[in-house]
Amino acid sequence: MPEWSSTDREWMSRALELAARGLYTTEPNPRVGCVLVQGGNLVGEGWHVQAGEGHAEVNALAQAGEQARGATAYVTLEPCSHTGKTPPCADALIKAGVSRVVAAMQDPNPLVAGQGLQRLRDAGIAVDCGLLEAQAQALNPGFIKRMQQGLPWVRVKLAMSLDGRTAMASGESKWITGPAARADVQRLRARSGAVISGADSVLLDDSALTVRASELGLPDDEAAAAVQRQPLRVLIDSLRRVPLEQRFFRETGPTLVISTSAEQAAESYQAIGSELLALPGDDGKVDLTTVLRTLAERGCNEVLVEAGAALSGAFWRAGLVDELIVYMAPRLLGSQARPLMQLPFESMSEAMDVAVSDMRAIGQDWRITARPIFPS
């Protein structure tokens, strides 16, 4: 591992800041930032804004112009070596005449996977990799998982009372949490490639599951950019109980309904601009693993599950959850109210542990972020 200087760390930190600007816009591509430094001075910087447009390196090189020759490029992800919607960034760096490239992490994409760094070395450019790698990986958990496992990063979002309840016995749940927490959820939706919900939740809450600029709590320009790419709204509806007149179908944006059967119904959904897909499992319900693989094949890096206790519990029991995000409100709903997830444990030996990675106040509520600890 190279000995990183404080200057190296400073510039890579800046590149990571730039990469984060694409948090809501780059799907299905990774979030990447690049900084070009010449003689200790910043001469160019850029980030990947959205798929189909210039990558971070190209944008930084355009700003630097001739000053890129002999410069050091700090980039948060290995420069690509293949031609996709844009030419290889490794070739652009070589042509510009940079003298050194520092990458935070290797690209997990099998089409790159070290080839970009090797191409730079073969061109006589000094190459180092691994600076602030953990921070770079944290920016793109879904892209990494999709490239390595063919599955998206799955977050399950739940809102509960202080006594661990998510809705009244009737299903009434608006609103457990306050406006700050709801804005935080909007931002989770905005960074996701797909949002999944179940029939019960959509019917009870009349959910739309869209990203709304006015509720994001972001500056106007960032909010406007975030809503340009609406996540795919996915409805798990095994028996197709949700009427086509429901608000879920009336809102603008792509929708996918997943059922156990699509016979004689696909055209009805297609007529209203939705898609019906049959993915039956062995238990007579929708196969959730196949759902996630299908979404990964469609380019979804991160998936947000916003569902009730039954569907959330099903994802958890299947071992498909990467991250659990729980908003806890300072109120009590009582013992007759619904639980957080349906986990029919009967003894302490069945209890599952989680690793809490973050806990913070969001307005009047608390947000708890945890990851499951599955038995080895």
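Figure 1. Arg240 is partly exposed, with a relative accessible area of 29%; buried denotes under 20% relative accessible area, exposed over 50%, and partly exposed in between (1.4 Å probe, protein chains only). Its phi is near 55°, a positive value in a residue other than glycine. Arg240 lies in the loop between strand S9 (232–236) and H10; helices (H or I, at least four residues) and strands (E, at least two) are DSSP runs, numbered from the N terminus. Leu209 also has a positive phi, near 65°, and belongs to the loop between helix H8 (199–205) and helix H9 (220–228). Leu209 counts as buried, at 3% relative accessibility.

The structure shown in these views is a predicted model, in which local features need pLDDT of at least 70 and side-chain atom pairs count only at pLDDT 80 or more, while totals for chains, interfaces and linings use all residues. Residues are numbered from 1 along each chain as its sequence is written, and side-chain values use heavy atoms, with hydrogens and water left out.

Figure 2. Two aromatic pairs are found in a search of the whole structure; rings of Phe, Tyr and Trp (its six-membered ring) pair if their centres lie within 6.5 Å, and planes under 30 degrees apart count as stacked, over 60 as edge-to-face and the rest as tilted. Phe248 and Phe249 form an edge-to-face pair, with ring centres 5.1 Å apart and planes at 90°. Phe249 and Tyr269 are likewise edge-to-face, their centres being 6.0 Å apart and their planes at 65°. This pair links distant parts of the chain, 20 residues apart: Phe249 is in helix H10 (residues 247–250) and Tyr269 in helix H11 (residues 266–271). Phe248 and Phe249 are both buried, as is Tyr269.

**Figure 3. Arginine side chains over aromatic rings.** Arg233 lies over the face of Phe248, at 5.1 Å from the ring centre. The charged end of Arg21 sits over the ring of Trp47, 4.8 Å from its centre. A charge sits over a ring if NZ of Lys or CZ of Arg is within 6 Å of the ring centre and within 35 degrees of the ring normal.

**Figure 4. The buried side of helix H4.** In helix H4 (residues 115–122), the buried residues are Gly116, Leu117 and Leu120. They cover an arc of only 100° around the axis, which puts them on the same side of H4; the arc is that of the directions from the helix axis to the C-beta atoms. Their covering includes helix H3 (89–96), strand S4 (100–103) and strand S5 (126–129).

Figure 5. The structure holds zero disulfides, a disulfide being a pair of cysteine sulfur atoms within 2.5 Å. For Cys80, the nearest cysteine sulfur is that of Cys89, 3.7 Å away. Cys80 is buried, with a relative accessible area of 8%. Cys300 also counts as buried, at 5% relative accessibility.

Figure 6. Pro2 is in the segment before helix H1 (6–19) and is partly exposed at 28% relative accessibility. Not counting residues up to four places away in sequence, Pro2 touches Asp128 and Cys129, where contact means heavy atoms within 4.5 Å. The C-alpha atoms of Pro2 and Leu131 are separated by 8.6 Å, although these residues are 129 residues apart along the chain. Pro28 is placed in the loop between H1 and strand S1 (33–38), and the peptide bond from Glu27 to Pro28 is cis, with omega near 10°.
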